[in-house]
Amino acid sequence: MVKGRLFKVLFLVLTSCSTIAPHPVEAQKKNTKNIPSQLKIQKGLSDEQLLDLVQKQTFRYFWNFGHPVSGMARERSNVAFGYGDEVVTTGGTGFGIMATIVATDRKWINRDSASAYLLKMVKFLAKADAYHGVFPHWLNGTTGKTIPFSRKDDGADLVESSFLFQGLLTAKQYFNADNPVESELRNRITWLWDEVEWDWFTKGGEEVLYWHWSPNNGWAMNFPLRGYNECLITYVLAASATRYPVSAAVYHRGWAQSNFFLNGKEFYGHKLPLGFDNGGPLFFSHYSFLGLDPRGLKDRYADYWEQNKNHTLVNRAYCLANPKQYKGYGTNSWGLTASDSWQGYAAHSPNEDLGVITPTAALSAFPYTPEYSMQALRHFYEDLGGKIWSEYGFVDAFSEQHNWYAKSHLAIDQGPIIVMIENYRSGLLWKLFMSSPEIQKGLNKLGFTSPALAPQ
């Protein structure tokens, strides 16, 4: 059964081409002070210098290539799947917001420029299409009108909107200055947040959330969100809402009730508490945890640090075992997750292995496996950099087996690299998101425990 984002991956696989043309539009110019533009590989960098370089260069995707009208993140850097320059992505924008916080905190961009940029974005969102407060997967970055993801997926996308609001709530915590721009930014984020009717997406009171709703097609997509996959953040946000929350029963009787939620088996010597055998694509351990701090985060079902670390270790161990004997797999080259491939878009995992390594997989795992992730980073940059290092950081994916190296970048893959490296280095996004009063309330409501939660 196809679950979570794998459902959308299937759509992209069925509609993609194996050759991808370069994007025809010049990147938008913004304040890029101290953000390197050269593609020359610099040898002998320390670990900290290399992490700085990768975060800065990858941030160019959101800052230089962000849509000139809305400021939102473009879906990808190339034209593919039958859409063009105007497509901006809701979830990828949430990741870009968090990346902007990193760039601001590390003083790669000016705080005033960053807050003004985000204020422009939330003003655009206030006028953009939304359905019961929930945004579609894709918007037209100029007009704010919905761009259908598929024929019936032409309305609200609860999961992509969750990734957006994860970023917005984090920005609300960070931009806390008492000045007109930051005050208005916080107020507008609160207004957007309060407008989301999370309870509407129980489809009339069922004890589960649904991914899609459309004014043209209603509940025709009929996709209940059951774990375990990348949608944990959706339930946390839904429980945290001020005006339209869902009950804890929706989490426990919806999300946590499926044949593939609890696991408990070992794979390559690592116990996996939840989810598919062998763990599935690594984005399961990234997207919800850009803001959710997994360190010591537990509920009645799992220890989420153990879940995410072991998921990563299983994924790496599979690549080292390399049962299909693909060229290029090894201790320095591992990481399977959803990305472009030589055959089109695919949800790469040990159970769907096409010989494609996706840099975001190992690099977004820095908090869980820092030594192994650094090995991969050095290999990607120092050994393969001439083929995969570009103006927006690493390209989306590559396959040495098929002598294929993507020319594309995707917002949902670039963003987690910046954010999760920062969480490894400073814990910044984790601290901010977990400090949100709304999130504290929601996690307590669902029965989570965490060192980051204030005593009740």
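Tutor: Start with Y228. This residue lies in the loop between β7 (212–213) and α7 (232–240). The model is predicted, and in it the peptide bond from G227 to Y228 is cis. Omega for that bond is near 15 degrees.

As for disulfides, a search of the whole structure finds zero. The search asks for a pair of cysteine sulfur atoms within 2.5 Å.

Next, the phi angles. K107 is not a glycine, yet its phi is positive, at about 60 degrees. Look for K107 in the loop between α3 (90–105) and α4 (111–127). Is K107 buried or exposed? Its relative accessibility is 66%, so K107 counts as exposed. The cut-off for exposed is over 50%.

N403 also belongs here. Its phi is near 50 degrees, a positive value in a residue other than glycine. N403 sits in the loop between β14 (398–399) and β15 (404–405). With 59% relative accessibility, N403 counts as exposed.

To recap by place: the loop that holds Y228 runs between β7 and α7, and the bond from G227 into Y228 is cis. K107 has a positive phi and is exposed. N403 has a positive phi and is exposed.

Notes:
Residues numbered from 1 in each chain as written. Predicted model: local features only at pLDDT ≥ 70, side-chain atom pairs only at ≥ 80, totals over all residues. Heavy atoms only, no water. Helix = DSSP H or I, 4+ residues; strand = E, 2+ residues; numbered from the N terminus. Buried < 20%, exposed > 50% of the residue type's maximum accessible area, 1.4 Å probe, protein only.
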